[in-house]
Amino acid sequence: MAEMGSKGVTAGKIASNVQKKLTRAQEKVLQKLGKADETKDEQFEQCVQNFNKQLTEGTRLQKDLRTYLASVKAMHEASKKLNECLQEVYEPDWPGRDEANKIAENNDLLWLDYHQKLVDQALLTMDTYLGQFPDIKSRIAKRGRKLVDYDSARHHYESLQTAKKKDEAKIAKAEEELIKAQKVFEEMNVDLQEELPSLWNSRVGFYVNTFQSIAGLEENFHKEMSKLNESLNDVLVSLEKQHGSNTFTVKAQPSDNAPAKGNKSPSPPPDGSPAATPEIRVNHEPEPPSSATAGASLPKSPSQLRKGPPVPPPPKHTPSKEVKQEQILSLFDDTFVPEISVTTPSQPAEASEVAGGTQPAAGAQEPGETAASEAASSSLPAVVVETFSATVNGTVEGGSGAGRLDMPPGFMFKVQAQHDYVATDTDELQLKAGDVVLVIPFQNPEEQDEGWLMGVKESDWNQHKELEKCRGVFPENFTERVQ
C-alpha cells in the first residue's frame, strides 16, 4: 500500500508538471498571436541583456587567460631546453660553469613561480567570478516561467469574472491561484532586480584587479629574468676574455660565380697568349665570363632569382617566379645559337660546327660578337627549360584547370607545401612538407586576406570528393606552385 501511495504521489507530480508545461505553452502561443497581453518589465530586460553581455565577456577573458598560461608554459619548456643545451656544450674546464648551472636552475624556478602565481591570482579568481553566472542564469529562466504562470492565472481569473454565468467557487479558486502565482513571481523578481545591477557594476573592479595582477606579476618576472640574463652575460664575457684568442671567425660562403674547389685552371703558355684548352668544371656548368667578355652582361636564370623559403607566419608576399621580360633571350634573333650543352662550351669554331655551320668561324667574328655568342650559349639552356616549363604548365595543360572533371569546382592551380604548417583555427588546412594542395577561389572574395589561399589537399579530395568538409585556407608563402 505504501508503494502504491508513493507511486501515486509521483504520478500526480508528473501529471501536474505536464499540465503546467501545457498551460505555459498555450499562454505563450496566445501572447505571440496577440490574443493575450504579456507582462513586461523593460528595466529587467535591460538587466538581462547586461547579464548576457557580462557572461560573454567573462567567458572570452577566461579562454584567453588559459591560452596565455599555455603560452607561458610553452615558453618555460623552450627556455629549459635552451639552458640544458648550454649546460651540455659548456666544457668542465671553462670558467663560470657552476655560475651558469646556477643561473639555469634559477631560470627554471622563476618560470615555475610565475606560472603558479598566474594560476592563483588570475585564473582561480576568474573561475570564481564565472562560477556565479550559471545559478543566476537558471534563476532568470525560472523567473520567466513564473511570469508566464502569473499571466495565465491572471487571464483565467479575468475570463471567469467576465463570463455571463459566474461560478463563485471557480472565481474564488482562480483568485487564490492568481495570488499564489503573483507572490512566487514577485519574490524571484525582487531578488533578481537587486542582484543583476550589482553584478553588472562589479565587473569593473574585477577587470581592474585581474589585469593589475597579471601586469604586476609580469613586471616582476621580467625584472628577475633580466637580472639572470645579465649574470649569464657576465659569465659569457669572462669566458670570451679567457679564450679570446681562440675565437672562431665565420668566413663568408663562396658566391655562385666563384670557381669550384675541383676546378683546375690551365697554365698559360710561355708566350703569354690565351690558353686554348677550356677550363674543366666538375659540376659541368658553363664557364663564367672572362675579363675579355666582361662587357657582355649575362641574365640570371629564374632559379637564381628565387629567394629562400619563407619561414614566418604572418605570411608575406611570395616573390614571383615569372621571368622578367628583359631577362628572356629572344629565341628568334638572328644571333640566336641553338646550342644546348651540359658540358663546358668549346671554342667558337667548334660551336659553329655543332650549330650546323650557320655561324662564321671564330677568326671572322668581332670581339663583341664573340662575347654575345658566349653569353647566349652559356645562359640559353636554363632560359629554354624555364620557358618550356612555363608554356607547358600555363598553356598546354589548361591553366586554371576549371574544366577538369577530376578537380574540385573552380580549380585554378596546384601548389606543394615546402614546410609544415600547424593550423591555428578550424577553417585552416594542416599541411606537411610535400602535401599537394588544389587551389580554389574564395566563395566571397572580400574574405580573402593578403598572403592566404583557399584550397583542398589533393589526397583528401581524391578520397572524399566533398569540398565542404575538406577545403580550408593556408598561407601562400609555405607553398610553391607546381602546376
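A salt bridge here is a side-chain nitrogen of Lys or Arg within 4 Å of a carboxyl oxygen of Asp or Glu. By that rule the structure holds 12 salt bridges, and D135, R139 and E195 are linked in a network of them. This is a predicted model, so local features need pLDDT of at least 70 and side-chain atom pairs count only at pLDDT 80 or more, while totals for chains, interfaces and linings use all residues. Residues are numbered from 1 along each chain as its sequence is written, and side-chain values use heavy atoms, with hydrogens and water left out.

**Salt bridges**

- Side chains of opposite charge can pair when their charged atoms come close.
- D64 pairs with R60, and their closest N and O atoms are 3.7 Å apart.
- D64 and R60 sit four residues apart in helix α2 (residues 42–89), which puts about one helical turn between them; helices are DSSP runs of H or I with at least four residues, numbered from the N terminus.
- R60 counts as exposed at 61% relative accessibility, whereas D64 is partly exposed at 38%; the cut-offs are under 20% relative accessible area for buried, over 50% for exposed and in between for partly exposed (1.4 Å probe, protein chains only).
- D127 bridges to R66, with the closest N and O atoms 3.5 Å apart.
- Since D127 lies in helix α3 (residues 97–131) and R66 in helix α2, this pair ties together parts that are 61 residues apart in sequence.
- D127 is partly exposed at 27% relative accessibility, and R66 is partly exposed at 42%.
- E468 and R471 form a salt bridge too, with their closest N and O atoms 3.2 Å apart; E468 counts as exposed at 60% relative accessibility.

**A buried arginine without a bridge**

- R203 belongs to helix α5 (residues 168–242).
- R203 is buried but has no salt bridge, and the nearest side chain of opposite charge, E57, is 4.8 Å away.
- Leaving out residues up to four places away in sequence, R203 touches Q54 and Y129, where contact means heavy atoms within 4.5 Å.

**Surface patches**

- Patches take residues with over 30% relative accessible area and no salt bridge, joining like charges within 9 Å and nonpolar side chains (Val, Leu, Ile, Met, Phe, Trp, Tyr) within 5 Å.
- I14, V18 and L22 make a nonpolar surface patch of about 280 Å², with areas from the Shrake-Rupley method and a 1.4 Å probe.
- L22 is in helix α1 (residues 2–32) and is exposed, with a relative accessible area of 53%.

Conventions:
Helix = DSSP H or I, 4+ residues; strand = E, 2+ residues; numbered from the N terminus. Lys, Arg positive; Asp, Glu negative; His and termini not counted.
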